[in-house]
Amino acid sequence: MTGFAAATGGADPFRWNWDIRSVNGKGLDLRLRMPDWIEGLEAAVRPQVAAHAKRGNITLSLRVSRDDAAAVSALNTAQMKAAVASLLAIEAEAMEMGLSLAPARASDIAMMRGVMEQSTMQDDPAPLRKALLSELPALLDAFDAMRCEEGAALLTVLLGQLDEIEALTKEAAALAEARKDEVATTLKRNLARVLDNTDGADPDRVAQELALLAVKADVTEEIDRLHAHLQAARALLTDGGPVGRKLDFLMQEFNREANTLCSKAQNAELTRVGLALKALIDQMREQVQNVE
């Protein structure tokens with residue numbers, strides 16, 4: 001089932017952006033993209049995401065940046081001493097040459113190369129990891145909310161398709177009942193034709209073969225199974241929980257019964273209904289791929 005959610009946050013000196021998205025998939029394919037320098041983060045995130053989804057291709061991304069202001073100025077004592085010594089040597093040389101130099105200020109020394117160094121503090125990732133994990137439940141809840149909205153809309157579509165399948169199944173049952181006399185008449189006519197044109201044939205044996213043909217033309221069992229599948233599908237849709245794989249299997253059973261109905265029809269109207277069932281079941285099977 002498709003879904004998306006995003007969130008931003010921060011805790012000095014860090015800023016971060018979360019986003020999670022999913023597309024349809026037969027199983028659960030979970031991909032995490034996050035900084036590997038935050039020790040233990042992925043191991044803690046993966047089971048939480050897996051607990052919210054049982055099906056689909058899900059990608060969770062996390063981008064973390066650090067504020068440049070976190071850089072700290074540090075005094076390089078050795079370089080400072082070397083700079084002061086150089087200034088003293090320059091002043092002494094200038095005095096010997098009769099030159100008078102302006103006294104150096106501390107700020108002048110600090111501006112000299114290497115005296116003040118910019119360093120980045122090495123932070124313990126544990127507080128950052130804790131802050132990130134504290135925001136994860138809200139992100140997953142927003143992700144679930146979007147998927148639930150889509151699921152509610154999809155439920156209406158699927159229930160409507162089941163209603164259409166039920167209407168076609170009832171129509172097929174009525175057509176099958178109406179053609180019983182026609183089938184019986186056809187079988188009797190065929191039996192008489194066979195007996196009239198077959199010398200020495202066993203009438204009982206011929207009758208048995210025709211009875212087998214009558215059984216093979218009976219679609220009562222297929223119609224009963226379609227009704228049973230309808231009940232099972234409605235139960236799955238209303239019971240809640242992950243039902244995508246079960247529905248996927250059930251759609252295969254729907255399709256099998258519709259195929260058999262068409263092969264046994266031997267009647268234009270019943271064949272029309274069987275083909276309409278197959279088309280509708282195929283449409284529903286495509287929608288079921290979106291169900292977790």
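Tutor: Let us begin with contact, which here means heavy atoms within 4.5 Å. Please keep in mind that this is a predicted model.

Student: Which residues of helix 4 and helix 7 meet in this sense?

Tutor: From helix 4 come Leu155, Leu158, Leu159, Leu162, Asp163, Ile165, Glu166, Thr169, Lys170, Ala172, Ala173 and Ala176. They meet Ile223, Leu226, His227, Leu230, Ala233, Arg234 and Leu237 of helix 7.

Student: At what angle do helix 4 and helix 7 pack, and how far apart are their axes?

Tutor: The angle is about 165°, and the axes of helix 4 and helix 7 lie 10 Å apart. Angles over 145 degrees count as roughly antiparallel, and helix 4 is therefore roughly antiparallel to helix 7. The crossing of these two helices is left-handed.

Student: How do helix 8 and helix 9 pack?

Tutor: Helix 8 and helix 9 pack with their axes 9 Å apart, at an angle of about 165°. They are therefore roughly antiparallel to each other, and helix 8 passes helix 9 in a left-handed crossing. Among the residues of helix 8 that take part are Leu247, Met251, Phe254 and Ala258. Those they meet in helix 9 include Leu270, Leu277, Ile281 and Met284.

Student: How should I read a nonpolar core, and which residues have the most contacts inside the largest one?

Tutor: The largest here has 30 residues, and Ile165, Leu247, Phe254 and Leu277 have the most contacts inside it. Helix 4 (125-178), helix 7 (220-239), helix 8 (244-264) and helix 9 (268-288) are the elements that give two or more residues to this core. There is also a second, separate core, of 24 residues, which includes Phe14, Ile20, Ile38 and Leu132.

Student: What does Phe254 touch, leaving aside residues up to four places away in sequence?

Tutor: Phe254 touches Leu162, Ile165, Leu226, His229, Leu230, Ala233 and Ile281, with those sequence neighbours not counted.

Student: Where is Ile38, and what does Ile38 touch?

Tutor: Ile38 is placed in the loop between strand 3 (28-33) and helix 1 (41-50). With a relative accessibility of 3%, Ile38 counts as buried. Beyond residues up to four places away in sequence, Ile38 touches Val64, Pro125, Leu128, Arg129 and Leu132. Ile38 and Leu128 are 90 residues apart in sequence, while their C-alpha atoms are 7.9 Å apart in space.

Student: How does Ala82 count in terms of accessibility?

Tutor: Ala82, which lies in helix 2 (residues 77-96), has 39% relative accessibility and so counts as partly exposed. Its C-alpha atom is separated by 9.1 Å from that of Val115, 33 residues apart along the chain.

Student: Let us turn to strands. How many bridges join strand 1 to strand 2?

Tutor: Nine bridges join strand 1 (residues 3-11) to strand 2 (residues 14-23), and the two run antiparallel. Along this pairing, Gly3 stands opposite Ser22 and Ala5 stands opposite Ile20.

Student: What kind of peptide bond joins Asp12 and Pro13?

Tutor: In general, most peptide bonds are trans. The bond between Asp12 and Pro13 is cis, with omega about 10°. Pro13 is found in the loop between strand 1 and strand 2.

Key: Residues numbered from 1 in each chain as written. Predicted model: local features only at pLDDT ≥ 70, side-chain atom pairs only at ≥ 80, totals over all residues. Heavy atoms only, no water. Pairing = 2+ DSSP bridges. Helix = DSSP H or I, 4+ residues; strand = E, 2+ residues; numbered from the N terminus. Core = buried A, V, L, I, M, F, W, Y, C linked by side-chain atoms within 4.5 Å. Buried < 20%, exposed > 50% of the residue type's maximum accessible area, 1.4 Å probe, protein only. Axes fitted to C-alpha atoms, helices over the stretch in contact; angles between N-to-C directions. Parallel < 35°, antiparallel > 145°, perpendicular 65-115°, else oblique. Left-handed = near helix turned anticlockwise from the far one by under 90°.
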